[in-house]
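Here's a quick briefing to read with the structure open beside you.

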Amino acid sequence: MSRRPKVLAIVQAGGQGSRMDVLTRERAKPALPYAGQYQLVDFALSSLANSGVKDVWLSVQYQATSLHKHVASGRPWDLDRTRGGLEWLPPQEGAGAASQSGFSAGNGDDLYRSLDDIMAFDPDVLLVLSADSVCTVDLRDVVEQHLERGSSCTIVTTEVTKQQASAKGVVEVARDGRVTGFEYKPDKPKTTTIASEIFAYDPKVLAKTLEDIRQERVNEADEEDSGVGDFGEHLVPRLVDKGKVHAFALPGYWRDLGTPSEYVAAHRDLLAGRVDVFDDPEWPILTRWPELPCAMVRKDATVDNSVVTAGADISGTVVRSVIGPGVRIAKGAVVEDSVIFAQVDIEAGAQVRAAVVDSGSTIGRGARIGATPPGNRIGDDRLVLVGKDSRIGRDVVIEPGTRLEPGTTA
């Protein structure tokens with residue numbers, strides 16, 4: 001019987017996610033909620049768990065404590081084990097060829113910093129996953145294709161619009177699946193096929209390539225920066241040029257929640273039935289469930305085309321919205337086209353439209369937050385963001401496009 005390949009996975013959950021504005025001031029982007037009671041990190045960890053990957057390293061940089069309670073030892077994903085399981089990779093200083101101080105300067109640099117540990121583990125395949133997108137993938141198929149073709153790198157790809165492609169790594173794929181071209185965030189993308197930021201690497205080829213890049217760019221870097229940067233700047237283009245990179249087309253839904261408007265759009269996709277990640281009971285999205293009672297929808301309340309999660313108490317009107325755990329919406333209050341995080345209190349007569357309201361906030365009686373945008377298109381210029389633990393007073397009006405920092409009193 002042939003030996004099963006030894007697979008190591010690194011989930012990169014470290015970036016600040018600055019494009020999410022006030023929503024990531026006090027949390028890592030992978031800790032953002034999705035569909036009410038999930039967090040973004042759940043999707044990468046669930047794909048790994050369902051694929052039978054038992055050795056998972058979680059690389060964290062910014063606001064790591066915002067993930068600790070949720071992920072903990074990895075119990076919901078069966079990663080709390082004596083041998084293998086979940087290992088946290090916080091920023092650290094130390095000795096070794098791949099050691100730099102401070103935070104990593106890109107996801108490629110993040111891999112370079114872990115290179116000594118990766119090579120000591122000696123995997124046959126290294127899986128690298130981003131933790132800030134909504135998707136699900138059977139990584140067994142990715143590993144199988146990667147080994148069968150003898151690839152130095154396998155890029156899991158997906159299709160997006162041209163506008164979206166200009167902010168991603170754009171991939172050109174030949175008929176035989178070989179990647180023949182790669183452009184990182186091009187102004188005019190040649191295709192709409194992009195890297196979904198899920199990769200399988202040949203560890204030895206990866207190590208040599210990262211070391212080569214480091215040596216070539218050592219004069220442009222410093223003790224806090226290897227010069228490797230993001231995967232799309234030097235690493236993947238270098239591997240593509242060598243001709244042994246292949247694509248693996250993601251068969252289902254994928255969306256990167258990179259900006260507030262994309263975050264809301266992903267929830268609108270959910271309400272429209274375009275998100276398939278929850279459809280297969282044999283492939284569940286695993287999470288740490290909130291310890292709350294069932295949701296309550298009171299007499300005379302109206303809930304239309306919305307998600308209402310555990311512990312919510314609805315007496316008002318909710319339309320085309322996602323309501324997080326423990327949210328209270330009083331009688332006469334209206335929430336439309338919005339995402340409401342956990343433990344938010346929306347008082348009687350308040351109106352919340354085209355907004356994201358972060359956890360622990362209070363919207364006072366009669367307050368008006370945002371407005372229904374023209375054509376019901378919610379762009380970043382119209383979307384209201386209310387930061388964590390904010391207090392909006394009685395009858396206060398918050399105009400469309402407003403950003404309120406965490407802890408704001410208005």
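**Rings and a charge**

The charged end of lysine 6 sits over the ring of phenylalanine 121, 4.5 Å from the ring's centre. Keep in mind that this is a predicted model.

- Across the whole structure, a search turns up eleven aromatic pairs. One of them joins tyrosine 38 and phenylalanine 43, with ring centres 6.4 Å apart and planes at 40 degrees, so this pair counts as tilted.
- Both partners are buried by their numbers: tyrosine 38 has 12% relative accessibility, and phenylalanine 43 has a relative accessible area of 1%.
- Tryptophan 57 and phenylalanine 121 make an edge-to-face pair, 5.9 Å centre to centre with 80 degrees between the planes. Tryptophan 57 belongs to strand β4 (residues 55-59) and phenylalanine 121 to helix α4 (residues 115-121), so the pair ties together parts that sit 64 residues apart in sequence.
- Tryptophan 57 and phenylalanine 121 are both buried.
- There's also an aromatic cluster, made up of Tyr34, Tyr38, Phe43, Phe278 and Trp289.

- As background, nonpolar side chains in soluble globular proteins tend to be buried together.
- Here, the largest nonpolar core has 40 residues, and Leu48, Val56 and Leu127 are the ones with the most contacts inside it. The top contributor is α1, which gives five residues.
- Want to see what valine 56 touches? Setting aside neighbours within four places in sequence, valine 56 is in contact with Ala9, Val11, Leu45, Leu48, Leu79, Gly85, Leu86 and Glu87.
- A second, separate core has 31 residues, including Val171, Val179, Leu235 and Leu239.

**Helix α5**

- Which residues of helix α5 (residues 139-148) are buried? They are Leu139, Val142, Val143, Gln145 and His146. Looking down the axis of α5, these buried residues fall within an arc of 165 degrees, so they line one face of the helix.
- Covering the buried residues of α5 are, among others, β1 (7-12), α1 (41-50), β6 (125-130), β8 (153-159), β11 (193-201) and β12 (245-249).
- Just after α5, glycine 150 adopts a positive phi of about 60 degrees.

**Strand β11 and its partners**

- Eight of the nine residues of β11 are buried, so the rest of the structure largely encloses this strand.
- β6 runs antiparallel to β11, and four bridges join them. Leucine 129 has isoleucine 198 of β11 as its bridge partner.
- β8 also pairs with β11 in the antiparallel sense, over six bridges. For threonine 154, the bridge partner in β11 is alanine 200.

**The β9-β10 hairpin**

- Strands β9 (residues 169-173) and β10 (residues 179-184) run antiparallel and are joined by five bridges. Valine 173 has valine 179 of β10 as its bridge partner.
- Five residues lie between the two strands of this hairpin, and glycine 177 takes a positive phi near 90 degrees there.

**The six-stranded parallel sheet**

- Six strands make an open sheet with parallel pairing, in the order β15-β18-β21-β24-β27-β30. At the edges stand β15 (302-304) and β30 (397-398), each with a single partner strand, so one side of each has no neighbour in the sheet.
- β15 pairs with strand β18 (residues 317-319) in the parallel sense over three bridges. Aspartate 304 finds its bridge partner in β18 at valine 319.

**Valine 297**

- Buried or partly exposed: what is valine 297? Valine 297, in strand β14 (residues 296-297), is partly exposed, with a relative accessible area of 48%.
- Not counting residues up to four places away in sequence, valine 297 touches Val303 and Ile314.
- The C-alpha atoms of valine 297 and glutamate 148 are separated by 53 Å, and these residues are 149 residues apart along the chain.

Notes
Residues are numbered from 1 along each chain as its sequence is written. This is a predicted model: local features need pLDDT of at least 70, side-chain atom pairs count only at pLDDT 80 or more; totals for chains, interfaces and linings use all residues. Side-chain values use heavy atoms; hydrogens and water are left out. Buried means under 20% relative accessible area, exposed over 50%, partly exposed in between (1.4 Å probe, protein chains only). The arc is that of the directions from the helix axis to the C-beta atoms. Contact means heavy atoms within 4.5 Å. Rings of Phe, Tyr and Trp (its six-membered ring) pair if their centres lie within 6.5 Å; planes under 30 degrees apart count as stacked, over 60 as edge-to-face and the rest as tilted. A charge sits over a ring if NZ of Lys or CZ of Arg is within 6 Å of the ring centre and within 35 degrees of the ring normal. A nonpolar core is a set of buried Ala, Val, Leu, Ile, Met, Phe, Trp, Tyr and Cys residues joined through side-chain atoms within 4.5 Å. Two strands pair if DSSP finds at least two bridges between them.
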